[in-house]
Amino acid sequence: MRTSGRLLASVFEMLDAQNLIGMSTLHVNDLVDKFISGNLAARPASKGQYGFEYVLNCSINDVVCHGVPDPDEIIQDGDIVNFDITLEKNGYIADSSKTYMIGNVPPAARRLVGTAQGALWQGIKQVRPGAHLGDIGFAIERHAKKNGCSVVREYCGHGIGRAMHEDPQVLNFGRPGAGMKLREGMVFTIEPMINQGSRKVATKSDGWTVVTQDRKLSAQFEHTVAVTKTGVEVLTLRQDEGVGCSA
(Lines give C-alpha, C1' and ligand atoms only; values in the text may rest on other atoms or scores of the structure.)
Protein backbone atom coordinates (compact mmCIF):
# COMPACT_ATOMS: atom_id res chain seq x y z
CA MET A 1 0.00 0.00 0.00
CA ARG A 2 2.90 2.36 0.71
CA THR A 3 4.33 1.67 -2.75
CA SER A 4 1.00 2.29 -4.48
CA GLY A 5 0.47 5.44 -2.43
CA ARG A 6 3.88 6.89 -3.28
CA LEU A 7 3.36 6.19 -6.97
CA LEU A 8 -0.08 7.80 -6.94
CA ALA A 9 1.32 10.89 -5.23
CA SER A 10 3.80 11.20 -8.10
CA VAL A 11 0.91 11.28 -10.60
CA PHE A 12 -0.41 14.45 -8.96
CA GLU A 13 3.10 15.88 -8.88
CA MET A 14 3.24 15.31 -12.65
CA LEU A 15 -0.07 17.16 -13.03
CA ASP A 16 1.22 20.00 -10.85
CA ALA A 17 3.83 20.73 -13.53
CA GLN A 18 1.24 21.00 -16.34
CA ASN A 19 -0.34 24.19 -17.66
CA LEU A 20 -3.92 22.95 -17.57
CA ILE A 21 -5.54 26.06 -19.06
CA GLY A 22 -6.95 25.21 -22.50
CA MET A 23 -6.46 21.47 -22.01
CA SER A 24 -9.42 19.14 -22.46
CA THR A 25 -10.32 16.84 -19.59
CA LEU A 26 -9.88 13.89 -21.95
CA HIS A 27 -6.32 15.05 -22.68
CA VAL A 28 -5.61 15.11 -18.95
CA ASN A 29 -7.03 11.59 -18.71
CA ASP A 30 -4.71 10.42 -21.50
CA LEU A 31 -1.68 12.06 -19.87
CA VAL A 32 -2.41 10.25 -16.61
CA ASP A 33 -3.07 6.95 -18.38
CA LYS A 34 0.29 7.12 -20.16
CA PHE A 35 2.15 8.17 -17.02
CA ILE A 36 0.73 5.40 -14.82
CA SER A 37 1.02 2.63 -17.39
CA GLY A 38 4.31 3.72 -18.94
CA ASN A 39 6.42 5.72 -16.49
CA LEU A 40 5.25 3.92 -13.35
CA ALA A 41 4.61 0.43 -14.79
CA ALA A 42 1.39 0.33 -12.77
CA ARG A 43 -2.31 -0.06 -13.55
CA PRO A 44 -4.87 2.77 -13.54
CA ALA A 45 -7.38 0.99 -11.33
CA SER A 46 -10.46 3.03 -12.31
CA LYS A 47 -10.23 1.99 -15.95
CA GLY A 48 -12.86 -0.69 -16.49
CA GLN A 49 -14.15 -0.51 -12.90
CA TYR A 50 -17.98 -0.66 -12.92
CA GLY A 51 -17.83 -0.24 -16.70
CA PHE A 52 -16.06 3.15 -16.47
CA GLU A 53 -13.81 3.70 -19.51
CA TYR A 54 -11.36 6.24 -18.11
CA VAL A 55 -8.49 6.44 -15.63
CA LEU A 56 -9.80 9.39 -13.64
CA ASN A 57 -12.83 11.44 -12.69
CA CYS A 58 -12.60 15.16 -13.52
CA SER A 59 -15.08 17.36 -11.70
CA ILE A 60 -15.18 21.04 -12.69
CA ASN A 61 -16.84 23.85 -10.71
CA ASP A 62 -20.37 22.67 -9.79
CA VAL A 63 -19.56 19.01 -10.43
CA VAL A 64 -19.32 17.24 -7.07
CA CYS A 65 -17.77 13.96 -8.23
CA HIS A 66 -17.59 11.33 -10.99
CA GLY A 67 -17.13 13.80 -13.82
CA VAL A 68 -16.39 12.01 -17.11
CA PRO A 69 -13.40 13.05 -19.29
CA ASP A 70 -14.58 14.74 -22.48
CA PRO A 71 -12.63 16.05 -25.51
CA ASP A 72 -14.98 19.05 -25.67
CA GLU A 73 -14.69 19.98 -21.99
CA ILE A 74 -11.91 22.58 -21.86
CA ILE A 75 -10.33 23.70 -18.60
CA GLN A 76 -10.64 27.48 -18.35
CA ASP A 77 -8.90 30.23 -16.41
CA GLY A 78 -10.81 30.67 -13.14
CA ASP A 79 -12.07 27.07 -12.91
CA ILE A 80 -11.66 24.73 -9.98
CA VAL A 81 -11.25 21.11 -11.06
CA ASN A 82 -10.92 17.95 -9.02
CA PHE A 83 -9.00 14.98 -10.37
CA ASP A 84 -9.80 11.72 -8.59
CA ILE A 85 -7.29 9.00 -9.51
CA THR A 86 -6.64 5.40 -8.47
CA LEU A 87 -3.56 3.26 -9.05
CA GLU A 88 -2.81 -0.43 -8.53
CA LYS A 89 0.69 -1.82 -8.10
CA ASN A 90 1.50 -5.41 -7.15
CA GLY A 91 -2.15 -6.10 -6.35
CA TYR A 92 -2.72 -3.14 -4.00
CA ILE A 93 -4.77 -0.04 -4.79
CA ALA A 94 -4.37 3.57 -3.63
CA ASP A 95 -6.96 6.32 -4.16
CA SER A 96 -6.52 10.08 -3.93
CA SER A 97 -7.91 13.34 -5.30
CA LYS A 98 -6.93 16.99 -5.42
CA THR A 99 -8.86 20.10 -6.43
CA TYR A 100 -6.77 22.39 -8.63
CA MET A 101 -7.33 26.14 -8.80
CA ILE A 102 -6.80 27.16 -12.41
CA GLY A 103 -5.32 30.60 -13.02
CA ASN A 104 -7.25 33.56 -11.62
CA VAL A 105 -9.74 31.86 -9.32
CA PRO A 106 -12.24 34.17 -7.52
CA PRO A 107 -11.73 34.58 -3.76
CA ALA A 108 -14.96 32.74 -2.84
CA ALA A 109 -13.86 29.71 -4.85
CA ARG A 110 -10.42 29.82 -3.24
CA ARG A 111 -12.04 29.84 0.19
CA LEU A 112 -14.12 26.79 -0.73
CA VAL A 113 -11.07 24.87 -1.92
CA GLY A 114 -9.19 25.79 1.25
CA THR A 115 -12.14 24.68 3.36
CA ALA A 116 -12.33 21.32 1.57
CA GLN A 117 -8.62 20.69 2.07
CA GLY A 118 -8.86 21.76 5.70
CA ALA A 119 -11.82 19.42 6.24
CA LEU A 120 -9.78 16.49 4.92
CA TRP A 121 -6.96 17.20 7.37
CA GLN A 122 -9.34 17.70 10.28
CA GLY A 123 -10.66 14.22 9.51
CA ILE A 124 -7.19 12.71 9.18
CA LYS A 125 -6.14 14.15 12.54
CA GLN A 126 -8.77 12.00 14.26
CA VAL A 127 -7.26 8.72 13.02
CA ARG A 128 -5.56 6.60 15.68
CA PRO A 129 -6.16 3.23 17.38
CA GLY A 130 -9.21 3.40 19.62
CA ALA A 131 -10.83 6.35 17.83
CA HIS A 132 -14.14 5.88 16.01
CA LEU A 133 -15.28 6.52 12.46
CA GLY A 134 -17.80 9.00 13.83
CA ASP A 135 -14.92 11.12 15.14
CA ILE A 136 -13.70 11.57 11.57
CA GLY A 137 -17.07 12.55 10.14
CA PHE A 138 -17.84 14.90 13.02
CA ALA A 139 -14.54 16.77 12.56
CA ILE A 140 -15.08 17.10 8.80
CA GLU A 141 -18.62 18.48 9.05
CA ARG A 142 -17.75 20.80 11.94
CA HIS A 143 -14.94 22.37 9.89
CA ALA A 144 -17.16 22.78 6.82
CA LYS A 145 -20.02 24.38 8.77
CA LYS A 146 -17.63 26.67 10.62
CA ASN A 147 -16.60 28.01 7.23
CA GLY A 148 -20.14 28.43 5.90
CA CYS A 149 -20.13 25.33 3.71
CA SER A 150 -22.09 22.08 3.55
CA VAL A 151 -21.02 18.42 3.35
CA VAL A 152 -22.32 16.03 0.70
CA ARG A 153 -23.76 12.96 2.43
CA GLU A 154 -24.45 10.62 -0.48
CA TYR A 155 -20.76 9.81 -1.10
CA CYS A 156 -18.02 8.93 1.34
CA GLY A 157 -14.64 7.35 1.98
CA HIS A 158 -14.16 3.59 2.07
CA GLY A 159 -11.89 0.76 2.95
CA ILE A 160 -9.30 -0.05 0.29
CA GLY A 161 -6.62 -2.64 -0.38
CA ARG A 162 -6.76 -5.42 -2.95
CA ALA A 163 -10.15 -4.06 -4.02
CA MET A 164 -10.93 -0.41 -4.69
CA HIS A 165 -14.00 -0.30 -2.48
CA GLU A 166 -14.04 -2.31 0.74
CA ASP A 167 -15.69 -1.95 4.13
CA PRO A 168 -16.04 0.20 6.11
CA GLN A 169 -17.78 3.28 4.77
CA VAL A 170 -16.11 6.43 6.08
CA LEU A 171 -18.85 9.06 6.29
CA ASN A 172 -18.14 12.79 6.18
CA PHE A 173 -20.54 13.45 9.05
CA GLY A 174 -21.13 11.69 12.35
CA ARG A 175 -21.09 11.76 16.13
CA PRO A 176 -17.98 11.53 18.31
CA GLY A 177 -17.53 8.05 19.71
CA ALA A 178 -19.99 6.49 17.23
CA GLY A 179 -19.27 3.91 14.57
CA MET A 180 -16.54 1.34 14.15
CA LYS A 181 -13.54 1.55 16.45
CA LEU A 182 -10.25 1.99 14.58
CA ARG A 183 -7.41 -0.46 15.03
CA GLU A 184 -3.82 -0.68 13.84
CA GLY A 185 -3.47 -1.93 10.28
CA MET A 186 -6.77 -0.61 8.93
CA VAL A 187 -6.47 1.23 5.60
CA PHE A 188 -9.20 3.45 4.17
CA THR A 189 -9.83 6.68 2.29
CA ILE A 190 -11.10 9.96 3.68
CA GLU A 191 -12.70 12.11 0.97
CA PRO A 192 -14.91 15.03 1.97
CA MET A 193 -16.93 16.71 -0.79
CA ILE A 194 -17.70 20.25 0.34
CA ASN A 195 -20.33 22.49 -1.28
CA GLN A 196 -20.47 26.27 -1.40
CA GLY A 197 -24.25 26.22 -0.97
CA SER A 198 -26.73 23.43 -0.28
CA ARG A 199 -25.50 19.87 0.26
CA LYS A 200 -28.16 18.56 -2.18
CA VAL A 201 -26.88 16.89 -5.34
CA ALA A 202 -28.24 15.40 -8.57
CA THR A 203 -26.90 12.91 -11.11
CA LYS A 204 -26.82 13.94 -14.78
CA SER A 205 -28.26 11.87 -17.61
CA ASP A 206 -24.88 10.21 -18.34
CA GLY A 207 -25.41 8.18 -15.16
CA TRP A 208 -22.04 9.25 -13.71
CA THR A 209 -21.67 12.99 -13.26
CA VAL A 210 -22.93 14.32 -9.91
CA VAL A 211 -23.61 18.07 -9.65
CA THR A 212 -24.83 20.47 -6.97
CA GLN A 213 -28.57 21.07 -7.25
CA ASP A 214 -28.14 24.82 -6.76
CA ARG A 215 -25.26 24.88 -9.30
CA LYS A 216 -22.91 26.44 -6.76
CA LEU A 217 -19.32 25.24 -6.54
CA SER A 218 -18.08 22.00 -4.96
CA ALA A 219 -14.55 20.93 -4.01
CA GLN A 220 -13.04 17.63 -2.88
CA PHE A 221 -9.78 16.28 -1.49
CA GLU A 222 -8.95 12.65 -0.72
CA HIS A 223 -6.16 10.61 0.79
CA THR A 224 -5.60 6.94 1.51
CA VAL A 225 -4.55 6.55 5.15
CA ALA A 226 -3.37 3.72 7.40
CA VAL A 227 -3.98 3.40 11.12
CA THR A 228 -0.59 2.92 12.81
CA LYS A 229 0.34 1.92 16.34
CA THR A 230 0.66 5.57 17.36
CA GLY A 231 -1.69 7.38 14.97
CA VAL A 232 -1.98 7.68 11.21
CA GLU A 233 0.18 7.43 8.10
CA VAL A 234 -0.98 9.23 4.95
CA LEU A 235 -0.02 6.80 2.21
CA THR A 236 -0.76 9.20 -0.68
CA LEU A 237 0.93 12.29 0.82
CA ARG A 238 2.24 14.66 -1.86
CA GLN A 239 5.40 16.76 -1.79
CA ASP A 240 3.39 19.99 -2.03
CA GLU A 241 1.72 19.15 1.30
CA GLY A 242 4.91 18.58 3.31
CA VAL A 243 5.18 17.75 6.97
CA GLY A 244 3.01 20.72 7.94
CA CYS A 245 -0.06 18.88 6.69
CA SER A 246 0.68 15.53 8.29
CA ALA A 247 -1.47 14.55 11.25
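User: Helices (H or I, at least four residues) and strands (E, at least two) are DSSP runs, numbered from the N terminus. Where is Pro168 found?

Analyst: Pro168 sits in strand E7, which covers residues 166-170. This is a predicted model: local features need pLDDT of at least 70, side-chain atom pairs count only at pLDDT 80 or more, and totals for chains, interfaces and linings use all residues. Residues are numbered from 1 along each chain as its sequence is written, and side-chain values use heavy atoms, with hydrogens and water left out.

User: Is the peptide bond from Asp167 to Pro168 cis or trans?

Analyst: Cis. Omega for the Asp167 to Pro168 bond is near 5 degrees. Most peptide bonds are trans.

User: Zooming out. How many helices and strands does the protein chain have?

Analyst: The protein chain has 4 helices and 14 strands.

User: And why does a radius of gyration of 17 Å agree with a compact globule?

Analyst: Because a compact globule of 247 residues would come out near 18 Å, and the protein chain has 17 Å. The radius is taken over C-alpha atoms, and the globule rule is 2.2 Å times the number of residues to the power 0.38. The C-alpha trace spans about 50 × 40 × 35 Å along its principal axes.

User: What percentage of the residues is buried?

Analyst: Buried residues account for 54% of the 247 in the protein chain. Buried means under 20% relative accessible area, exposed means over 50%, and partly exposed lies in between (1.4 Å probe, protein chains only).

User: How far apart are the mean positions of the positive and negative charges?

Analyst: 9 Å, for 26 positive and 27 negative charges. Lys and Arg count as positive and Asp and Glu as negative, while His and the chain ends are not counted. Each charge is placed at NZ of Lys, CZ of Arg, CG of Asp or CD of Glu.

User: On to the strands. Which order does the open sheet of 3 strands have?

Analyst: E5-E9-E12, with antiparallel pairing. E5 (150-151) and E12 (218-220) are the edge strands, and each pairs on one side only. Two strands pair if DSSP finds at least two bridges between them. E5 and E9 (residues 193-195) share 2 bridges. Val151 has Ile194 in E9 as its bridge partner.

User: Is strand E13 enclosed or open?

Analyst: E13 (residues 223-227) is largely enclosed by the rest of the structure, because 5 of its 5 residues are buried. Both faces are covered. His223, Val225 and Val227 lie on one side, with Thr224 and Ala226 on the other.

User: Which strands pair with E13?

Analyst: E8 (residues 187-190) pairs with E13 in the antiparallel sense over 4 bridges, and Val187 stands opposite Ala226 there. E14 (residues 232-234) also pairs with E13 in the antiparallel sense, over 3 bridges. Val225 faces Val234 in E14. A hairpin of 4 residues links E13 to E14.

User: Helices now. What is Ala109 in contact with?

Analyst: Contact means heavy atoms within 4.5 Å. Leaving aside neighbours within four places in sequence, Ala109 is in contact with Ile80, Gln196 and Leu217. Ala109 belongs to helix H3 (residues 107-124). Its relative accessibility is 4%, so Ala109 counts as buried.

User: And is Asp33 buried or exposed?

Analyst: Buried, at a relative accessible area of 16%. Asp33 is part of helix H2 (residues 25-39). Not counting residues up to four places away in sequence, Asp33 touches Gly38, Pro44, Lys47 and Val55.

User: Last topic, backbone angles. What is phi of Ala41?

Analyst: Near 50 degrees, a positive value in a residue other than glycine. Most residues other than glycine have a negative phi. Ala41 is in the loop between H2 and strand E1 (56-60), and counts as exposed at 52% relative accessibility.

User: Where does Asn61 lie?

Analyst: In the loop between E1 and strand E2 (63-65). Phi of Asn61 is positive too, near 60 degrees. Asn61 is partly exposed, at a relative accessible area of 22%.
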